[in-house]
Amino acid sequence: MRYAVIVCPKCNKAKGIDTIKKTTTCPCGREIVFARTKFYFETDSPLELAGAVAEANAQLGDGNVPKIAKKPRKRDAYSSISERVRPIRDPVERMRVIASELTEAKGEFGHEDIKRVLTLTGRDTPEDIIAKLQKANLIYEVSEGRFRSV
Ligand SMILES: [Zn+2]
């Protein structure tokens with residue numbers, strides 16, 4: 001994880017750090033070495049980091065050791081579909097699953113939807129896939145550029 005929440009041993013304030021660095025200097029003047037510091041929370045999201053620092057400082061203000069709950073990540077349909085299909089090796093089978101998941105999630109889908117899933121999965125272009133799927137009779141075109149899984 002890229003970012004972490006630490007607590008300054010001198011002033012007892014929570015700080016967000018970028019773990020690419022090795023040390024930071026707290027506004028109180030104390031130099032903090034990450035290798036010797038407990039990470040109370042780790043995340044790759046700067047936004048989540050900011051929230052976690054605020055939460056930790058609120059808990060420290062109440063005299064508690066910060067316990068920051070990992071918030072369940074809000075996932076959109078595209079990322080959960082891309083995760084589900086990533087292990088599928090056969091491109092037509094993978095696309096069949098993408099098409100059927102998109103149909104379930106959205107009713108129908110277009111190139112844009114497939115593109116969003118594929119950007120996350122990192123394979124094939126939407127045009128190739130739609131052509132493959134139509135050829136295999138796994139999807140049909142409901143209107144210009146809009147498709148449904150059979
Ligand atoms: Zn400090």
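I took two strands as paired if DSSP finds at least two bridges between them, and I took helices (H or I, at least four residues) and strands (E, at least two) as DSSP runs, numbered from the N terminus.

**Entry 1, ground rules.** I noted that this is a predicted model, in which local features need pLDDT of at least 70 and side-chain atom pairs count only at pLDDT 80 or more, while totals for chains, interfaces and linings use all residues. I followed the numbering that runs from 1 along each chain as its sequence is written.

**Entry 2, the sheet with E8.** I looked up Gly110 and found that its bridge partner in E8 is Arg146, and that Phe109 stands opposite Phe147 in E8. I traced both to the pairing of E6 with strand E8 (residues 146-149), which is antiparallel and has two bridges. I read the whole as an open sheet of three strands, in the order E6-E8-E7 and with antiparallel pairing. I marked strand E6 (109-110) and strand E7 (139-143) as its edge strands, each pairing on one side only. In the hairpin of E7 and E8 I found two residues between the strands, and a positive phi near 75° at Gly145.

**Entry 3, the sheet with E1.** I found an open sheet of three strands here too, ordered E2-E1-E5 with antiparallel pairing. I noted that strand E2 (14-18) and strand E5 (41-43) stand at the edges with a single partner strand each, so one side of each has no neighbour in the sheet. I recorded a twist that averages 25° from one strand to the next. I looked at strand E1 (residues 3-7) and found five bridges joining it to E2, the two running antiparallel, with Ile6 opposite Lys15 in E2.

I checked helix H4 (residues 111-121) against helix H5 (residues 126-135), which pack at an angle of about 115° with their axes 9 Å apart (axes are lines fitted to C-alpha atoms, for helices over the stretch in contact, and angles run from 0 to 180 degrees between N-to-C directions). I therefore wrote down H4 and H5 as roughly perpendicular to each other, a term that covers 65 to 115 degrees. I listed His111, Ile114, Lys115 and Leu118 of H4 and Pro126, Ile129 and Ile130 of H5 as making the contact, where contact requires C-beta atoms, placed from the backbone, to lie within 7 Å.

Notes: Parallel < 35°, antiparallel > 145°, perpendicular 65-115°, else oblique. Contact = placed C-beta atoms within 7 Å.
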